[in-house]
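The stops below are given in the order in which to select them.

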Amino acid sequence: MMRAMKFASASTAKIVSIADAVRQAKKARAQGKRIVTTNGCFDLLHVGHLKSLEFAKAQGDILIVGVNADAWIRKYKKRESIVPARERAQMIAAFASVDHVFIFTSATPHAWLARIKPHVHVKGTDRAIAGGRLIESDVVEAHGGRVVFFPHTGKHSTRAMIQRAQKL
């Protein structure tokens with residue numbers, strides 16, 4: 001008879017609380033490492049997500065990713081999440097470029113960015129607002145960090161994937 005074995009994957013170990021992400025950032029900073037952050041829903045993973053995470057990692061040494069909670073998607077995207085937040089976090093954690101992942105519930109990333117204090121915060125050019133800035137630019141720049149834009153081509157998007165699937 002086979003016994004079920006507990007299996008803790010390396011990707012699961014990368015999923016941390018926001019407090020742990022802050023501690024990891026402080027530790028990395030003390031070691032002279034560059035901290036990079038990014039965030040998003042990552043509801044249906046596609047190659048655009050992969051490329052943006054690899055681009056983000058190339059900006060520094062430690063990549064910390066914030067994943068929007070299910071309630072955030074419900075409130076701001078006006079739909080249910082397709083994949084639950086915990087599973088989305090585990091998928092993001094499976095990428096080699098990602099060092100730490102956490103799920104956040106706040107409306108904006110301002111609070112955790114102020115605590116993590118990344119050297120670089122990466123977002124797609126599709127998220128830029130007036131003047132080529134982000135809603136989070138001020139909080140990143142307040143501690144000497146900078147915002148770097150990943151060149152979003154529009155070729156890959158979760159919205160387009162959902163629309164294609166609805167037509168099937």
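Helices (H or I, at least four residues) and strands (E, at least two) are DSSP runs, numbered from the N terminus. This is a predicted model: local features need pLDDT of at least 70, side-chain atom pairs count only at pLDDT 80 or more, and totals for chains, interfaces and linings use all residues. Residues are numbered from 1 along each chain as its sequence is written, and side-chain values use heavy atoms, leaving out hydrogens and water.

Start with helix α2, residues 18-30. Its 13 residues should span 18 Å at 1.5 Å a residue, and the end C-alpha atoms are 18 Å apart, which agrees; the expected span is 1.5 Å times one less than the number of residues.

Next, select A21, V22, A25 and A28, which are buried in α2 (under 20% relative accessible area; exposed is over 50%, partly exposed in between, with a 1.4 Å probe and protein chains only). They cover an arc of only 130° around the axis, which puts them on the same side of α2; the arc is that of the directions from the helix axis to the C-beta atoms. Exposed K26 and A30 lie on the face turned away from that buried side.

Show β1 (35-40), β2 (62-68), β3 (100-104) and α6 (110-116), which are included in what covers the buried residues of α2. After α2, click G32: its phi is positive, near 80°.

Move to β3, where 4 of the 5 residues are buried, so the strand is largely enclosed by the rest of the structure. β2 and β3 run parallel, joined by 5 bridges; N68 has F104 in β3 as its bridge partner.

Finish at T105, in the loop between β3 and α6. T105 is exposed, at 66% relative accessible area.

Methods
Contact means heavy atoms within 4.5 Å. Two strands pair if DSSP finds at least two bridges between them.
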